[in-house]
Amino acid sequence: PLNNTQGKLHIFFKDDEVNNCLVCIVTDNGVGYGALKQPQPNIDTKHQSLATAITLERMQQMEKENAFAGFAIQELKDEDGIACGTEVIINIPYYKP
């Protein structure tokens, strides 16, 4: 939840021809990655999300064939150091015949 603010999600793709990767940058203006680690009201605490672990496992497999494969998660902060969103950068290798 964005606490009564308008949520914005930006998805940007670019071709990194030097490293043979498709770079996907996803940015949102949510509460920040760190806030999601805190207990959330009205959230099923028995549920354990595996999305990040599964993505990491897949990227590790890709890294074996292309060292530039991978992803990074960064918490965005405003000028006062307050979390104001999250940015995820994913490098997906591709192969030219």
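Visitor: Why is Asn 20 called partly exposed?

Guide: Buried means under 20% relative accessible area and exposed means over 50%, with partly exposed in between (1.4 Å probe, protein chains only). Asn 20 has 26% relative accessibility, so partly exposed is the label that applies. Bear in mind that this is a predicted model, where local features need pLDDT of at least 70, side-chain atom pairs count only at pLDDT 80 or more, and totals for chains, interfaces and linings use all residues. Residues are numbered from 1 along each chain as its sequence is written, and side-chain values use heavy atoms, leaving out hydrogens and water.

Visitor: What makes the phi of Asn 20 worth a remark?

Guide: Most residues other than glycine have a negative phi. Asn 20 isn't a glycine, yet its phi is positive, about 55°. You'll find Asn 20 in the loop between E1 and E2, a hairpin with 4 residues between the strands. Strands here are DSSP runs of E, at least two residues, and helices are runs of H or I, at least four, numbered from the N terminus.

Visitor: How do you know that E1 and E2 pair?

Guide: Two strands pair if DSSP finds at least two bridges between them. E1 and E2 (residues 21–28) are joined by 8 bridges and run antiparallel, so by that rule they are paired. Phe 12, for instance, sits opposite Ile 25 in E2, and Asp 15 has Leu 22 as its bridge partner. E2 also has 8 bridges to E4, again antiparallel; there Cys 24 is partnered by Ile 90.

Visitor: What makes E1 and E3 edge strands?

Guide: The sheet is open, with 4 strands in the order E1-E2-E4-E3 and antiparallel pairing. E1 and E3 (70–77) each have a single partner strand, so one side of each lacks a neighbour in the sheet.

Visitor: Which strands does helix H2 touch?

Guide: H2 (residues 51–63) packs on the sheet against E3 and E4 (83–93), contact meaning heavy atoms within 4.5 Å.

Visitor: What makes Leu 9, Ile 11, Phe 13, Leu 22 and Ile 92 a patch?

Guide: Nonpolar side chains (Val, Leu, Ile, Met, Phe, Trp, Tyr) are joined within 5 Å, like charges within 9 Å. These five form a nonpolar surface patch of about 460 Å², with accessible areas from the Shrake-Rupley method. Strand E1 (residues 9–16) gives the largest share, 3 residues, and Ile 11 lies in that strand.

Notes
Patches are made of residues with over 30% relative accessible area and no salt bridge: like charges are joined within 9 Å, nonpolar side chains (Val, Leu, Ile, Met, Phe, Trp, Tyr) within 5 Å. Accessible areas come from the Shrake-Rupley method with a 1.4 Å probe; for residues, only the protein chains shown count as cover. A salt bridge is a side-chain nitrogen of Lys or Arg within 4 Å of a carboxyl oxygen of Asp or Glu. Axes are lines fitted to C-alpha atoms, for helices over the stretch in contact, and angles run from 0 to 180 degrees between N-to-C directions.
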